[in-house]
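Please read the following note alongside the model. The points are arranged by topic, from the overall layout to local details.

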Amino acid sequence: MTATAREVGDPDTAAARIVVRCPADGRIVGSVPEMSAAEVHEVAARLRAAQPAWEELGPHGRKKHLLRFLDWILDNEDRLVGIMQEETGKSWGDAAMEIAVAVDTVNYFTKHAADFLADRAVKRDGPMSLTKNLRVFIRPHPLVGIITPWNGPLATPIVDGMPALMAGAAVLFKPSEVTPLTWSEVTRGWIEELGAPPVIACATGGGAAGTAVLDEVDMIQFTGSIATGRKIAARAGERLIPHSVELGGKDAMIVLDDADIDRATSGAVWGGLWNSGQICVSVERIYVQERVYDEFVDKLVAKVRALRQGMDPDGSYSTEIGAMANERQVQIVERHVGEAVERGAVAVTGGRRKDQGLFFEPTVLTGVDHSMLCMREETFGPTLPVMMVKDDEEAIRLANDSPYGLAASVWTADKQRADRVARRLETGAVNINSALTATMLIPLPMVGWKSSGVGGRNGGAAGMLKFCRQQAIVSERFRLKSEPHWYPYVPRMSRLQKRLIRLTGAHDWRRRLGLRGPK
Ligand code: NAD
């Protein structure tokens with residue numbers, strides 16, 4: 001282990017540990033404990049004990065802690081980006097974007113929480129409610145579990161963790177075993193440096209630790225692969241706890257023949273290759289109309305060739321494309337590219353992994369068809385397969401020919417045409433003349449359609465209320481000794497009630513007045 005390696009927990013205990021390596025050069029950068037179910041249970045019990053006082057603080061009290069937390073993130077920005085970079089192999093610029101996501105998320109949910117969580121008066125409706133006051137209180141699920149993947153070690157726990165905390169829940173996080181260091185450090189900062197209430201904790205470990213978290217919490221938020229998402233949903237079903245699962249994608253980019261090709265190619269490069277393509281909403285397949293196809297491919301290839309690859313030194317912003325986060329992911333990309341090339345596609349640029357580190361060269365594939373893995377399965381890597389299409393119809397048909405439904409993008413100068421295409425796409429988001437963007441706009445919902453998820457995040461109040469339970473409150477408008485429908489039944493009163501129900505509930509005079517109908 002190097003002198004700078006981060007050791008979370010006591011490395012001298014007999015407990016198993018997970019060693020974390022930097023994907024760019026293989027050096028050990030830290031280790032974390034592989035927590036047992038009993039340890040996860042202990043942590044969960046501590047969180048449960050701390051949660052009522054946190055809820056009691058109300059949104060204004062909790063906001064103070066979250067804004068101090070945001071200050072801490074900004075004061076430690078370079079150190080956090082450095083840890084992220086070491087465990088993911090990202091370029092400095094890609095890692096730094098996660099700080100921007102944190103800033104936006106904390107500010108958005110602290111600003112709006114009091115409104116989102118306010119008691120709500122409900123309008124009376126129907127005779128039963130005439131004598132009542134109707135309200136809804138919003139109460140958090142006491143303990144929320146948040147299980148996350150390795151591609152955004154700061155941003156992903158933040159986007160769900162902040163609304164859950166602002167809602168008044170305690171949160172048990174389970175970061176990926178591939179990148180556990182960033183969130184372990186954030187949790188340490190919250191507890192040790194900020195002395196904030198002990199309502200967050202970090203369970204470290206692999207799938208078994210994830211299952212242990214799932215078995216402790218009152219609501220589970222999962223981000224990761226479809227295969228694991230299914231297991232989470234099934235287990236949550238057995239436990240009868242609510243779940244929200246944000247899963248994989250195969251986002252289509254549709255370039256129509258009137259698009260600005262300079263902007264579209266720049267958008268494809270960033271939208272497809274940011275974070276080495278390891279983003280659920282990255283551009284995974286591109287459909288370009290015949291008339292602009294050659295221009296699009298030429299410009300795309302030139303821009304991809306100009307990218308600099310490598311893990312750049314601290315704060316230098318001197319490369320764009322970093323490493324892939326783990327060997328398994330590199331192998332998936334190799335398989336998709338290899339299969340396409342074997343079946344006649346051309347890697348116009350890139351197409352291979354580098355000799356050192358887990359780097360895969362940014363790759364443009366042409367001559368692909370819809371039976372190839374690179375067009376059907378999530379690649380989650382730095383590839384841009386481009387396919388020529390005849391018209392809008394063919395582009396829409398191919399874009400929808402997928403079990404995934406996370407997001408898509410449409411590129412055209414014609415606003416109406418863009419909306420017409422968007423309305424026919426089977427995805428939870430459509431970016432018009434941009435890529436990845438909807439996900440970063442917290443007031444908009446991020447919802448995976450089809451196999452890309454159940455539930456959703458962000459999107460105003462809904463992004464916070466998913467961590468809450470609604471409590472219906474009914475109280476008396478007038479002081480009455482009894483209610484007309486309470487016991488004992490009095491025939492005269494019951495008949496009067498029957499007439500009243502007809503009079504107020506029926507939709508024609510014959511039924512309102514209880515008259516006999518035609519034979
Ligand atoms: P993964 O499903 O392998 O692992 C995700 C997390 O689940 C990890 O923390 C892992 O330890 C844990 N886990 C594994 N098995 C578990 C089990 N049986 N019970 C409980 N927890 C378990 O996913 P990954 O490879 O880490 O991440 C890549 C995937 O994440 C891609 O498919 C990507 O599209 C998806 N993703 C989706 C979004 C989104 O918001 N839709 C965002 C980022 C990534």
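1. UniProt positions are given here in the numbering used for this note, feature names are shortened, and annotations may be inferred rather than shown by experiment. According to an unreviewed UniProt entry, the annotation "domain: Aldehyde dehydrogenase" covers residues 16–472. Residues are numbered from 1 along each chain as its sequence is written. The model is predicted: local features need pLDDT of at least 70, side-chain atom pairs count only at pLDDT 80 or more, and totals for chains, interfaces and linings use all residues, while side-chain values use heavy atoms, with hydrogens and water left out.

2. Over residues 16–472 the chain is 44% helix and 21% strand. Helices (H or I, at least four residues) and strands (E, at least two) are DSSP runs, numbered from the N terminus. The end C-alpha atoms of this stretch are 47 Å apart.

3. The domain assignment, whose bounds come from an automatic or database source, gives domain 1 (37–117 + 140–248 + 461–466), domain 2 (251–442) and domain 3 (481–513). Between the C-alpha centres of domain 2 and domain 3 the distance is 64 Å. Where does the ligand lie? Domain 1 and domain 2 both give residues to the shell around the ligand, so the ligand lies between them.

4. The ligand is surrounded by 29 residues, of which the closest are K174, E177, S225, L247 and E378; a residue counts as near if one of its heavy atoms lies within 4 Å. By class, this shell has 11 nonpolar residues (Ala, Val, Leu, Ile, Met, Phe, Trp, Tyr, Cys and Pro), six charged (Asp, Glu, Lys and Arg) and 12 polar (the others, Gly among them).

5. Particular atoms of the ligand may also be considered. A backbone N or O atom of L247 lies 2.7 Å from a ligand nitrogen, and a polar side-chain atom of R457 lies 2.9 Å from a ligand oxygen.

6. Side chains of opposite charge can pair when their charged atoms come close. A search of the whole structure finds 33 salt bridges, each a side-chain nitrogen of Lys or Arg within 4 Å of a carboxyl oxygen of Asp or Glu. One of them joins E86 and R27 (2.9 Å, N to O). E86 lies in helix α3 (residues 77–88) and R27 in the loop between β2 (17–21) and β3 (28–33), so the pair ties together parts 59 residues apart in sequence.

Notes
A polar contact is a pair of N or O atoms within 3.5 Å; within protein, one must be able to donate a hydrogen and the other to accept it, and residues adjacent in sequence count only if both atoms are side-chain atoms.
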